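This report goes through selected parts of the fold.

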Amino acid sequence: MTKLNLIAGEWLAGESEIENRNPSDLSDLVGMFTQASADQLDATLDQARIAQAEWAAYGLERKQAVLNAIGNEMMARAEELGTLLSREEGKPLAEGKGEVYRAGQFFTYYAAECLRQIGENADSVRPDIEVDVRREAVGVVAIISPWNFPTATASWKIAPALCYGNAVVWKPANITPASAVALTEIIERQDIPKGLFSLVMGSGRSIGQRLVESPKVNAISFTGSVPVGKGIAAAAIQNLTKVQMEMGSKNALAVMDDADLDLAVSLALGGAFGGTGQKCTASSRLVVHAGIHDAFVEKLVAGAQAMKVGHALEDGVQMGPVVSEQQLQENLAYVDLGKTEGAELACGGARLDMPHQGFYMSPGVFLNTTNDMRINREEMFAPLTSVIKVGSYDEALSVVNDTNFGLTSGIVTKSLARATHFRRNARTGVVTVNLPTAGTDYHVPFGGRGDSSYGPREQGKAAAEFYTTVKTAYISAGPV
């Protein structure tokens, strides 16, 4: 049975449908999913505006109860929904379950924030006038989410959008529609106005483009590639629509000569190959001090070769398949590119034959690379990482910052002085010390610099900057 879109509060079939298959086993059909039509998108945007006004008028505790219910159900069903996520996206089951549970925590966090929407007051510079400053909902928010974290990334956008009184029109990635339908079913069952939340599965070229060009949308939150993000920004500016965008990255982990070697290798392997390297926070550049380089590389390559690659739902699997045939071909093209640029492929980087037909690839490590190679300039979104040898801490910091991106960076060191200097001088939105570059908390801001991010930060209290608009009121009460 084809899964439907949620259009203006009704589950409806669209103009066509797509097939969703398990990248771990292409014989496993996850389901058929409908594709929205342009008329359906317009209808749901009209209803969203009506529903938003009604939702904004809900009491704080009523909104809090809705978000709590969503979050608690997601956490309670983490095993079931995590299995579905891993089945359609390909990340190992432990990662899939963890993602769904964390997504539930975004909703319970913002449930609490429903009660913390406290403004400011001040005295005017003019006599006998008081000033009241408060935040109000921005209106109808379009959310365009990626396939690599199909539940978590969507949730850290949807939860604050609802918390601050907005309506949501969600276009998820077409490659992971099952997780989108599952989350939508949970949200739709709650005490919310008809049409407050919409699911419009469809192609980016048609539905996505029409959504970002619509004057009926007040704000757009997007996570995806830099070219698509720039296109969205260009479309949004025509209507002066507010935008928040998380895009590419080229994250570096700096390993100093005083680092705990085993810790450094563990952080590098997890950061580079967790989620099959398909993370915007992945450690794709390993900037290693010459004093520890050879010992680090020996353990790193051995660790990569020892990783168990396999079906996402099988026990003991450390790395699942790549998400699609197209992604796999792009990854293999980067392997060839690295070789032509003069990098040494120490291990991996090859398509694997497995018991199940799927998009399997071995984790690859490039050695003897320089920071000006394309494999170190462009986001590969692959289970590939490059080692760049440096002669000093200063050179390491310079290499870390020599990128068009600026999402995350990390340093592995026992020196408080180096760690402190790095934390203050790394030009990234997120910095880690003796931790992987991947992995963020839900109650603090997330975002980057350069080509990585545009607009207000996501997550934590920082989300209010995007999902609300500020109103300043001046009140003259008159004489007593």
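R134 has K471 in β20 as its bridge partner. The model that shows this pairing is a predicted one. Strand β6, residues 130-137, and β20 are paired in the antiparallel sense, over 8 bridges.

These strands belong to an open sheet of 3 strands, ordered β5-β6-β20, in which the pairing is antiparallel. At its edges are β5 (120-123) and β20 (468-475), each of which pairs on one side only. On average, neighbouring strands of this sheet are turned by 25° against each other, with direction ignored.

## The β5-β6 hairpin

D123 has E130 in β6 as its bridge partner. The hairpin that β5 and β6 form has 6 residues between the strands, and D128 takes a positive phi near 65° there.

## The seven-stranded sheet

A further open sheet has 7 strands in the order β14-β15-β16-β13-β12-β17-β18, and its pairing is mixed. The edge strands are β14 (344-347) and β18 (430-433), and each of them pairs on one side only. Direction ignored, neighbouring strands of this sheet are turned by 25° against each other on average.

Within the sheet, strand β12 (residues 251-255) pairs with strand β13 (residues 283-289) in the parallel sense, over 5 bridges. Opposite A252 stands R285 in β13. Helix α9, residues 261-273, packs on the sheet and touches β12, β13, β15 (364-367), β16 (384-390) and β17 (408-412). The direction of α9 makes about 170° with that of β12. Helix α13 also packs on the sheet, touching β12, β17 and β18. The direction of α13 makes about 170° with that of β17.

## Helices α12 and α13

Besides its contact with the sheet, α13 (residues 416-425) packs with helix α12 (residues 393-401). The angle between the two helices is about 25°, and their axes are 11 Å apart. Angles under 35 degrees count as roughly parallel, so α12 and α13 are roughly parallel to each other. The crossing in which α12 passes α13 is right-handed.

Which residues meet where α12 and α13 pack? From α12 they are Y393, L397, V400 and N401, and from α13 they are R418, H421, F422 and N425. Sorted by class, this contact of α12 with α13 has 4 nonpolar, 3 polar and 1 charged residues.

P150 is placed in the loop between β7 (140-144) and α5 (152-163). Is P150 buried or exposed? Its relative accessible area is 3%. Buried means under 20%, and P150 is therefore buried.

Neighbours within four places in sequence left aside, the residues in contact with P150 are L85, E89, E99, W170, T176 and S179. Another proline, P172, is 22 residues away from P150 along the chain, and the C-alpha atoms of P150 and P172 are separated by 7.5 Å.

Terms used
Residues are numbered from 1 along each chain as its sequence is written. This is a predicted model: local features need pLDDT of at least 70, side-chain atom pairs count only at pLDDT 80 or more; totals for chains, interfaces and linings use all residues. Side-chain values use heavy atoms; hydrogens and water are left out. Axes are lines fitted to C-alpha atoms, for helices over the stretch in contact, and angles run from 0 to 180 degrees between N-to-C directions. Helices (H or I, at least four residues) and strands (E, at least two) are DSSP runs, numbered from the N terminus. Angles under 35 degrees count as roughly parallel, over 145 as roughly antiparallel, 65 to 115 as roughly perpendicular and the rest as oblique. A crossing is left-handed if the near helix is turned anticlockwise from the far one by less than a right angle, and right-handed if clockwise. Contact means heavy atoms within 4.5 Å. Ala, Val, Leu, Ile, Met, Phe, Trp, Tyr, Cys and Pro count as nonpolar, Asp, Glu, Lys and Arg as charged, and the others, Gly among them, as polar. Buried means under 20% relative accessible area, exposed over 50%, partly exposed in between (1.4 Å probe, protein chains only). Two strands pair if DSSP finds at least two bridges between them.
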